[in-house]
Amino acid sequence: MSKIKKLLVANRGEIALRIMRTAREMGIATVAVYSEADRLSPHVKFADEAVCLGPPPSKESYLLGEKIVNVCKELGADAIHPGYGFLSENADFARKVGEAGLIFVGPSPQSIEVMGSKLAAKQAVAAYDIPLVPGTEEAISDITVAKARAEEIGYPILIKASAGGGGKGMRIVDSEADFEEQMNRAVSEAQSAFGDGAVFIEKYIGSPRHIEIQVLGDQHGNTVYLFERECSIQRRHQKVIEEAPSAVVSPEMRKAMGEAAVGVAKACNYYGAGTVEFIVDEQLNFYFLEMNTRLQVEHPVTEMITGKDLVREQILVAEGNRLSFAQEDLKINGHSVEIRVYAEDPKNGFLPDIGKLVTYRRPQGPGVRVDDGFEEGMDIPIYYDPMIAKLITHGENRQDAIDRMIRAINDYRITGIQTTLDFCRFALQHPAFVSGDFNTKFVELHFSPEKLEPVFTQEEQELLAALAVEFFQKEENLLSPTHPLHAKPSTNWKNRLI
Ligand code: MV4
């Protein structure tokens with residue numbers, strides 16, 4: 001057991017802030033690192049100390065593992081939290097941190113390594129009773145053998161890269177005639193993208209749900225699950241809406257998935273916070289896909305329904321403490337939804353829309369949480385992920401959490417850049433989402449840009465503003481029945497004004 005006194009957070013934006021807030025609550029001093037693009041960022045201002053790593057590109061700043069370890073030693077910090085992305089799932093980095101006598105707030109390098117390879121992960125869990133999608137458990141080396149296996153499984157099949165993940169390097173094959181060509185392409189793609197040409201095949205599950213289980217393990221062999229997150233609402237492998245619990249998971253299915261997830265964690269001697277990803281078919285059969293060995297973007301929905309602070313638990317476990325609660329102590333309280341607010345334009349193919357946050361006002365109120373890393377007036381840098389905020393709501397039940405989310409979206413004020421807020425409201429109000437009966441095809445099935453409420457161009461907005469000014473300058477118009485004071489009040493207090 002070694003108490004952490006000073007924690008370096010090797011990340012930026014909302015997650016760096018979120019981690020430092022918990023550290024401060026635990027009496028731990030914080031060190032921020034930043035790139036030249038993030039000099040004025042809230043995570044830098046919040047930290048007790050901050051060190052510039054270099055120019056804006058990640059490779060010259062947030063990915064400089066050795067430099068980060070050196071900063072840590074120089075400032076006398078005793079631990080590094082990697083957040084998500086960047087160095088969070090880099091086994092070599094985790095190893096270097098340990099070799100420098102520092103604590104890596106995350107799993108062991110061995111766990112990261114095993115789960116970083118889809119094939120090694122499948123092989124590791126083979127001894128446990130974990131449902132896997134029918135397929136090959138080893139890399140394909142002989143095309144004739146592979147074709148025979150594909151025939152057994154039945155087309156369509158999916159070719160996946162072992163070193164891939166998050167949907168990279170996947171290919172659907174509809175019939176044997178296409179097999180060889182698709183496989184050769186998959187191998188050369190995997191070789192050039194990941195430096196590892198190993199591929200394997202799986203039965204293709206057509207319209208799956210993506211449901212994942214949060215797990216937490218200590219260094220003494222105790223592992224618990226903190227229930228599921230439903231993450232099926234995504235666009236090109238980028239999650240848009242997440243919720244906990246899932247509308248389709250029964251208590252029995254929850255227990256079965258939770259125990260399978262704990263099995264996956266045990267198969268790689270996992271400690272820390274991790275997420276076991278499953279795909280769920282239309283008959284609600286679930287299959288283990290991969291394990292993410294980091295804190296995830298969507299962890300807040302789990303925190304909202306369990307009352308646990310996952311970063312606090314990560315830190316306690318990294319210090320060597322035993323988990324302070326058992327599986328039976330965990331209960332689901334209500335329902336939570338998260339949307340990711342991206343600086344992207346849904347009306348224009350979701351192109352990143354960088355620029356200045358001219359207006360930025362967060363929604364507030366009961367059951368509303370905003371995790372963000374920007375302030376009004378700041379520029380959104382082009383170098384990093386376009387996610388500017390996460391908006392999370394909690395309610396007694398699913399509909400309350402959704403209603404509250406729509407209210408919070410309506411209260412959010414962002415100008416200067418286009419965001420995915422309107423798109424999220426569209427999704428949340430869609431009958432398929434409201435019913436809970438949806439899968440990973442939701443966006444391609446139900447969304448097209450014209451479904452968003454029409455908005456005015458910049459020119460039209462200026463014209464309307466000018467007309468409005470002129471209109472209200474005439475005193476008689478204030479008494480006219482078209483004045484906003486007379487128009488459809490959302491509450492009736494305004495009626496009492498006149
Ligand atoms: C699949 C699949 C269908 N069948 N595997 C995509 C991300 C990676 N984690 C695994 N993925 C998938 N694997 C089989 N055998 C469909 C997907 C998939 C998907 C999975 C989760 C969330 C969104 C997805 C979107 C498209 C495809």
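1. The side chains of Lys160 and Glu202 are joined by a polar contact of 2.9 Å. The model under review is predicted, and the values in this note are to be read as belonging to such a model.

2. Lys160 belongs to strand E6, which covers residues 157–161. With a relative accessible area of 12%, Lys160 falls under the 20% limit and therefore counts as buried. Leaving aside residues up to four places away in sequence, Lys160 touches Gly169, Met170, Ala198, Val199, Phe200, Glu202 and Leu289.

3. The ligand has 18 residues around it, of which Lys160, Glu202, Lys203, Ile205 and Glu277 come nearest. A polar side-chain atom of Lys160 is placed 2.9 Å from a ligand nitrogen atom. For Glu202, a polar side-chain atom likewise lies 2.9 Å from a nitrogen atom of the ligand. Lys203 takes part through its backbone: a polar backbone atom of Lys203 is 2.7 Å from a nitrogen atom of the ligand.

4. A separate point concerns helix packing. Helix H1 (residues 13–25) packs with helix H11 (residues 310–318) at an angle of about 65°, and their axes are 9 Å apart. The crossing of H1 past H11 is right-handed. H1 contributes Arg18, Ile19 and Thr22 to the contact, while H11 contributes Leu310, Val311 and Arg312. By class, three nonpolar, one polar and two charged residues make up this contact.

How values were computed
Residues are numbered from 1 along each chain as its sequence is written. This is a predicted model: local features need pLDDT of at least 70, side-chain atom pairs count only at pLDDT 80 or more; totals for chains, interfaces and linings use all residues. Side-chain values use heavy atoms; hydrogens and water are left out. Axes are lines fitted to C-alpha atoms, for helices over the stretch in contact, and angles run from 0 to 180 degrees between N-to-C directions. Helices (H or I, at least four residues) and strands (E, at least two) are DSSP runs, numbered from the N terminus. A crossing is left-handed if the near helix is turned anticlockwise from the far one by less than a right angle, and right-handed if clockwise. Contact means heavy atoms within 4.5 Å. Ala, Val, Leu, Ile, Met, Phe, Trp, Tyr, Cys and Pro count as nonpolar, Asp, Glu, Lys and Arg as charged, and the others, Gly among them, as polar. Buried means under 20% relative accessible area, exposed over 50%, partly exposed in between (1.4 Å probe, protein chains only). A polar contact is a pair of N or O atoms within 3.5 Å; within protein, one must be able to donate a hydrogen and the other to accept it, and residues adjacent in sequence count only if both atoms are side-chain atoms. A residue is near a molecule or strand if one of its heavy atoms lies within 4 Å of it.
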